[in-house]
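Trainee: I would like to go through the labels on this model one by one. Please set each value against its cut-off.

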Amino acid sequence: MDTKEAYKNKLKAQLAEWEAQINLLDAKTKNAAADVQVKYAQELDQLRHQQRKAADKLTELEHASGEAWQEIKVSADQVWDELKSGVTRAMSKFK
């Protein structure tokens, strides 16, 4: 497996894990009191937005050819770091 494929597979797996965590947070919020639901709805919306950005970046990476994927990798790493931070922050708040 080449480097691009390995990187792409790593991102796919991480994205799936974060999606499951976001879905869990969403479920916890729906079972919470109304004031808590309102409080965290905006944060969940932002996480979903970051998740879509990450999925879009993964698609862009999949379609990149040659050395272009190295350039996309840099911006993908930034998007991934933002999503990771957001999920980690939300997980600690929703406990």
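Mentor: Start with helix 1 and helix 2, which are roughly antiparallel to each other. This is a predicted model, in which local features need pLDDT of at least 70, side-chain atom pairs count only at pLDDT 80 or more, and totals for chains, interfaces and linings use all residues. Residues are numbered from 1 along each chain as its sequence is written, and side-chain values use heavy atoms, with hydrogens and water left out.

Trainee: Why are helix 1 and helix 2 called roughly antiparallel?

Mentor: They pack at an angle of about 165°, with their axes 10 Å apart. Axes are lines fitted to C-alpha atoms, for helices over the stretch in contact, and angles run from 0 to 180 degrees between N-to-C directions. Over 145 degrees counts as roughly antiparallel, under 35 as roughly parallel, 65 to 115 as roughly perpendicular and the rest as oblique. Helix 1 and helix 2 are therefore roughly antiparallel.

Trainee: What makes helix 1 and helix 3 roughly parallel?

Mentor: Their angle is about 25°, and their axes lie 11 Å apart. They are therefore roughly parallel to each other.

Trainee: Which hand does the crossing of helix 1 and helix 3 have?

Mentor: That crossing is left-handed. The term applies if the near helix is turned anticlockwise from the far one by less than a right angle; clockwise is right-handed. Helix 1 also passes helix 2 in a left-handed crossing.

Trainee: How do you know that the span of helix 1 agrees with its 28 residues?

Mentor: The expected span is 1.5 Å times one less than the number of residues. For helix 1 that should be 40 Å; the end C-alpha atoms are 41 Å apart, so the two agree.

Trainee: Why does Thr29 count as buried?

Mentor: Buried means under 20% relative accessible area, exposed over 50%, partly exposed in between (1.4 Å probe, protein chains only). Thr29 has 6% relative accessibility, so it counts as buried. Thr29 is found in helix 1. Leaving aside neighbours within four places in sequence, Thr29 is in contact (heavy atoms within 4.5 Å) with Val36, Gln37, Tyr40, Leu44 and Phe94.

Trainee: What does the largest nonpolar core hold?

Mentor: It has 22 residues; Leu47, Leu61, Trp80 and Leu83 have the most contacts inside it. Such a core is a set of buried Ala, Val, Leu, Ile, Met, Phe, Trp, Tyr and Cys residues joined through side-chain atoms within 4.5 Å. Helix 3 gives the most to this core, with eight residues.

Terms used: Helix = DSSP H or I, 4+ residues; strand = E, 2+ residues; numbered from the N terminus.
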